[in-house]
Amino acid sequence: MRTTPVLLLAICLPGAGAKLPTATAALGDVTLETALSFGIPIAVGAVVTALDSFAMVTQGNAGLVERLGKYDRTLRPGLHLKLPFVERLSCYTSVRERVLDVPAQRCITMDNAPLTADAVVFYRIRDLTQAKYRIDDYAVGLSNLILTQLRSEIGQLSLDQTFTAREKLNQILLREANAVTTNWGIDVVRVEVRDILPSPEIVSAMELQMAAERRKRAVILESEGAKQSVVNAAEASRDAVVLAAEGERRRLEAEAEGMAYALRSVADALGGDSGDGAAAAARLLIDRAQIAANLALATSANAKVVVQGGGGGGRTTDAALYGTTLGLAHDGVEAVPPA
C-alpha cells in the first residue's frame, strides 16, 4: 500500500521509471526507522505498565496502596494486582518486632544528684495505616516519648532508689508509652532501662562512703568478737567455779557418808545396838585422829610445841579432835588439843 504513490509517479512522469528502485529503497528505510522510533518506546511502556500492575509483599512485611494520592487498601504478604499509574505503593515496611535504642540523656534525681540514663524499647507496628498517616516519624516520636518519661520518673526518685527501682521504671515507661502509641498503631512490647550512671564525683563519693561503711562494720564485728570472748571467758570461769563447788560438795558428802558408815561399823563391832558402842567408836576415831595429828606435827620441819595434859579442856579437845577427824582443819594449821 505504501509503494502505490511511487508507482503512479513512475507512470505519469516520463523518465521516472528508471528511478523507481531507488525511491522504493529510500521509502523502506524511512518506514523501518519510523517503526523503530515508535515501537521501542511503546514496548518499554508496555513492560513498565505490566510491571507496575503487580506488587509483591514478602512475609513479615506490609504495604499501603494509594489511589490518586488517597489511601485505598493495605497489602498483606503475597502477590497483588494494582492499577498502573493510578495506584502506587506509598509505604512498604516490616511489621515484625523492632528494637529502638534510646540514647543516653542527663537526668536529675529528687535529691539533686546528676546522672545519665538510657533505655531500649521493643515495639511492633500493629496498624500500618495509623503508623503512616497519624504520625510523621513514629521511631523519633517513640524515642522522644521514652526520653521525656524517663527523665520525669527519675526526677521523682532519690539517688539510692534509682539503683533498685529499675523494674518499677520499666513498668511505668511501658504503661505510659502504650497509652500514647496506641493511637499511632504501634504496640510497645517491652521497655528496659539499660544504664543509670551517676556523675564521676558522685561515684567517687559513693566509693568513699562504701569504704567507710565497710570499716565501720569491721570495727563493730571486732568489738562484738572481743565482747563475746570476754563473755565466754566469764561463763567458763563461772562454770569452773560451779563445777569445783559441786565436786567439793560431792566429796564432802562422800566423806561424810563414809565416816558415818565407819562409825556405824565400829559401833556395831564394839557394842552392838547400845549407846556405849557408839561412844566407844567415837573415842576410837578421836584417838586415831589425835595420833595422826601428833605424827604430822612430829614429822614437820617447823618448830612446834605439843601440849599434853588434862585440865578442863575435855570438850575443847574433843571438838578439836572431831574437827581434825572430819577434815575441817585449815592447811598449815593443825588442831591440837591442850594437855
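α7 gives the most to the lining of the largest pocket, with three residues. Helices here are DSSP runs of H or I of at least four residues, strands are runs of E of at least two, and both are numbered from the N terminus. This is a predicted model, where local features need pLDDT of at least 70, side-chain atom pairs count only at pLDDT 80 or more, and totals for chains, interfaces and linings use all residues. Residues are numbered from 1 along each chain as its sequence is written, and side-chain values use heavy atoms, with hydrogens and water left out.

Select Leu159, Asp160, Met206, Gln209 and Met210, which line the largest pocket. α5 (159-162) and α7 (200-271) are the elements that give two or more residues to this lining. A pocket is an open set of points on a 1 Å grid over the protein atoms alone, where a 1.4 Å probe fits, with protein on both sides within 12 Å along at least five of seven lines; lining residues have an atom within 4 Å of a point.

Next, select Thr109, in the loop between β6 (98-108) and β7 (114-125). Is Thr109 buried or exposed? Thr109 counts as buried because its relative accessibility is 3%; buried means under 20% relative accessible area, exposed over 50%, partly exposed in between (1.4 Å probe, protein chains only).

Now show the contacts of Thr109 (heavy atoms within 4.5 Å). Leaving aside neighbours within four places in sequence, Thr109 is in contact with Leu115, Ile154, Gly155, Leu157, Ser158, Leu159 and Thr162. Last, select Ala113: the side chain of Thr109 reaches the backbone nitrogen of Ala113 at 3.0 Å.

Conventions: A polar contact is a pair of N or O atoms within 3.5 Å; within protein, one must be able to donate a hydrogen and the other to accept it, and residues adjacent in sequence count only if both atoms are side-chain atoms.
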